[in-house]
Amino acid sequence: MATVKENLQRAVELKYSDSPRLDLEVLLCHLLGKSRAWLYTWPEHPLDDEQQVQFERLLERRVAGEPVAHLTGSREFWSLPLKVNRATLIPRPDTEVLVETVLELCPEEQLSVLDLGTGTGAIALALASERPRWQVTAVDRMPAAVALAEENRQRLGFDNVSVLQSDWFAALPQQCFDLIVSNPPYIDTQDPHLREGDVRFEPLSALVAEEHGLADIRRIGEDAREFLSDGALLAVEHGWEQGKSVRRIFNETGYAEVETRLDYAGRERITLGRKKSTPP
């Protein structure tokens, strides 16, 4: 029987992972129901035969490139344990910058918020966890994503979030929001990275957009004006090389106070704009 330490030493088999040791720690924690601290405290603990067989299967799938989040069925985002599957994107740390930014810029008082393309519900649920007085509507056009976001909402117990199926704004009644956020598809359809790493196992519909990745951002920028209150904020995540283009889209579609915020690596990631007030 192999020990925890011996199994962790097999990280060398994960040649294409950016964090092979961490990957195996997460898999062992998931398999054994233990914390990472426990792994370091009991490195000589042996796995029983059934556990070792399960570990071998997980390792084989990870070696083939399957994301750790899909192997464990969960990913933490904003300290929230979210269920994930192949129907949606796996929440990324950079998206937490979007959450941080709107929490910084928006008051704690009661607001009406819309999360477009919610996927797992990560952004909507993170905002709801920090602002219980906000009423958050989370939409996605894919039924499987809507079901997953609703499952996460119910499991985490956020009554101030509503999950709906809608192709962007299409199924929403005419109403005005105080804040609209989105992490839309923004990868160019010809981007070679689509054939590498974890994204190979994620839905293309949540990743790619026409116009060099800008089509959905342009549509959101144009249509959001009809659903934002005067002075309300629109905030979108985008690719690190798209900041200039997204600022141009926001300026061309009539937003004020347009700016771009950086992600944790110091790259342009979040662009913001406010709806100009309607003249009396």
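Is N183 buried or exposed, judged by its relative accessibility? In this predicted model, N183 has a relative accessibility of 17% and therefore counts as buried, since the limit for that class is set at under 20%. The residue is placed in the loop between β6 and β7, the latter strand spanning residues 187-188. When residues up to four places away in sequence are left aside, N183 touches L89, T95, L116, G117, I123 and E237.

Confidence in the prediction was examined over the whole protein and by element. The mean pLDDT of the protein is 90, and 95% of its residues reach 70 or more. Among the elements of the protein, the highest mean pLDDT, 97, belongs to strand β3 (residues 112-116), whereas the lowest, 76, belongs to strand β8 (residues 208-209).

Two of the residues touched by N183, namely T95 and I123, also take part in the packing of helix α6 against helix α7. The axes of α6 (residues 95-105) and α7 (residues 122-130) come within 10 Å and cross at roughly 40°, and the crossing in which α6 passes α7 is right-handed. On the side of α6 the contact is made by T95, L98, V99, V102 and L103, while α7 supplies I123, A126, L127 and E130. Sorted by class, the residues of this contact comprise seven nonpolar, one polar and one charged.

A further helix pair is formed by α2 (residues 20-32) and α4 (residues 49-63), which pack at an angle of about 145° with their axes 11 Å apart. Here, too, the crossing is described by its hand, and α2 passes α4 in a right-handed manner. The residues of α2 that make the contact are D23, L24, L27, L28, L31 and L32, and those of α4 are Q51, Q54, F55, L58, L59 and R62. Of the residues in the contact of α2 with α4, eight are nonpolar, two are polar and two are charged.

Aromatic rings were considered next, and the count comes to two aromatic pairs. In the pair of F169 and F227, the ring centres are 4.7 Å apart and the planes stand at 20°, so the pair is stacked, a term that applies to planes under 30 degrees apart.

Finally, positive phi values were found in residues other than glycine. S79, which lies in the loop between β1 (74-77) and β2 (80-83), has a positive phi of about 65° although it is not a glycine. H212, found in helix α9 (residues 210-213), is a residue other than glycine with a positive phi near 60°. The relative accessible area of H212 is 63%, so this residue is exposed as well.

Conventions. Residues are numbered from 1 along each chain as its sequence is written. This is a predicted model: local features need pLDDT of at least 70, side-chain atom pairs count only at pLDDT 80 or more; totals for chains, interfaces and linings use all residues. Side-chain values use heavy atoms; hydrogens and water are left out. Axes are lines fitted to C-alpha atoms, for helices over the stretch in contact, and angles run from 0 to 180 degrees between N-to-C directions. Helices (H or I, at least four residues) and strands (E, at least two) are DSSP runs, numbered from the N terminus. A crossing is left-handed if the near helix is turned anticlockwise from the far one by less than a right angle, and right-handed if clockwise. Contact means heavy atoms within 4.5 Å. Ala, Val, Leu, Ile, Met, Phe, Trp, Tyr, Cys and Pro count as nonpolar, Asp, Glu, Lys and Arg as charged, and the others, Gly among them, as polar. pLDDT is the predictor's confidence in each residue, from 0 to 100. Rings of Phe, Tyr and Trp (its six-membered ring) pair if their centres lie within 6.5 Å; planes under 30 degrees apart count as stacked, over 60 as edge-to-face and the rest as tilted. Buried means under 20% relative accessible area, exposed over 50%, partly exposed in between (1.4 Å probe, protein chains only).
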